[in-house]
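Visitor: I am new to this structure. Please take one part and look at it closely with me.

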Amino acid sequence: MDSHKRTIFFTVIISSCAGMVYSCACTKNVKHCANVYQMPVDFQTAERVCGERGGRLLIQANASDELVDYLLNNLIGHFWTGLSVSSEMCLNNTGSRSSDFTNLETEGKSCVPLCASVSADGMRTPRPCAEKLNGFLCEETRGELCKGSAVVLDSARCMFAPCEHKCAPVKNGYRCSCKESFRSNARDPRRCDFYCSERVCQALCLRGGSACWCPAGFVRSEQTCEDIDECESNHGCAHKCENTIGSYGCACYEPFILVNETECTLSSSLYNAKLLPTPSSNYIARGALSTPAEYAGLIVFLVVALFALLVLVYYLRGRKVTVQERNPPDHEEFQESASK
């Protein structure tokens, strides 16, 4: 009995440290999938952990209330979301189901950075970003949070055969699963993809081996598939590239967080607090974190500005000649200039 109690105790401790996942769900059109993590964290930590797990804090304007209600069903407490609140706004101790925080009252004193939270009753409240809440809502950006396994919220459930392989009706929707040697598509939990769980595996071949296929991220060698190390070229990662079986992922050095899958930026809570810490010694500077598109835009702007300046100079010179032709110098001025 004592051993059983110790096992339960350590399980609870480990769950509280690692972050317990309650459920993963997607909207009916599968455009938005999210997870809820139960772990006591402040906004900055929630933002970092969510990014490390392949997502970003849920921007509720992108998802239906149905998704948020499902994730927080039967949960008690408040959870961080990805909505931002201006650092010039002060907490007025009122909540709203609306995602608009632009009407917060201001006071004649400096304000602590505010971030948005949501509770199970749908109340959305601005809170100090340094406050530790009960967890956070994390939205998928790379298809790694749910690992292709999620409840799709659809009242029709399995009625119209939405899954490519297997469909199981559950409360509020359905859940898809795949046959052996297949797994749910990272972007769409309804589809199934052939995959390898090891760096070298058997290819998917027709009888007799006349034709064989390998999953994305693998190269075929006769009737086997070998993992490709995408990180040999760093694959556009701003800081670090981490090779995985069949794929890769980008990561950032602290205090930066991952955005847009490859870029690194300071946490928004640090921006609100107007803190710009010096990057660690192993931080890799890549063009001051500017993208090629930004450089291209700057070059185009400079070219257009230079062309406009040349046109202006040409116009002013032509206008001066025209004025001189229409207003020739009088006779005395002409004689004086000729005598010189």
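Guide: Start with Glu-139. This residue has a relative accessibility of 3%, which is under 20%, so Glu-139 counts as buried. Keep in mind that the model is predicted. Glu-139 sits in strand 7, a run covering residues 133–140. The side chain of Glu-139 has a partner there. A polar contact links it to the side chain of His-32, at 3.1 Å.

Now turn to Ser-267. Its relative accessible area is 1%, so Ser-267 is buried. Look for Ser-267 in a loop. On one side of that loop is strand 21 (263–266), and on the other is helix 4 (268–272). Set aside the neighbours within four places in sequence, and Ser-267 is in contact with Gln-44, Glu-47, Pro-255 and Ile-257. Take Glu-47 from that list. Ser-267 and Glu-47 are 220 residues apart in sequence. In space, their C-alpha atoms are 7.5 Å apart.

In general, strands of a sheet pair through backbone hydrogen bonds, in a parallel or an antiparallel way. Here, 3 bridges join strand 13 to strand 17 (residues 224–227), in the antiparallel sense.

Key. Residues numbered from 1 in each chain as written. Predicted model: local features only at pLDDT ≥ 70, side-chain atom pairs only at ≥ 80, totals over all residues. Heavy atoms only, no water. Helix = DSSP H or I, 4+ residues; strand = E, 2+ residues; numbered from the N terminus. Buried < 20%, exposed > 50% of the residue type's maximum accessible area, 1.4 Å probe, protein only. Polar contact = N/O pair within 3.5 Å; in protein donor to acceptor, adjacent residues only side chain to side chain. Pairing = 2+ DSSP bridges. Contact = heavy atoms within 4.5 Å.
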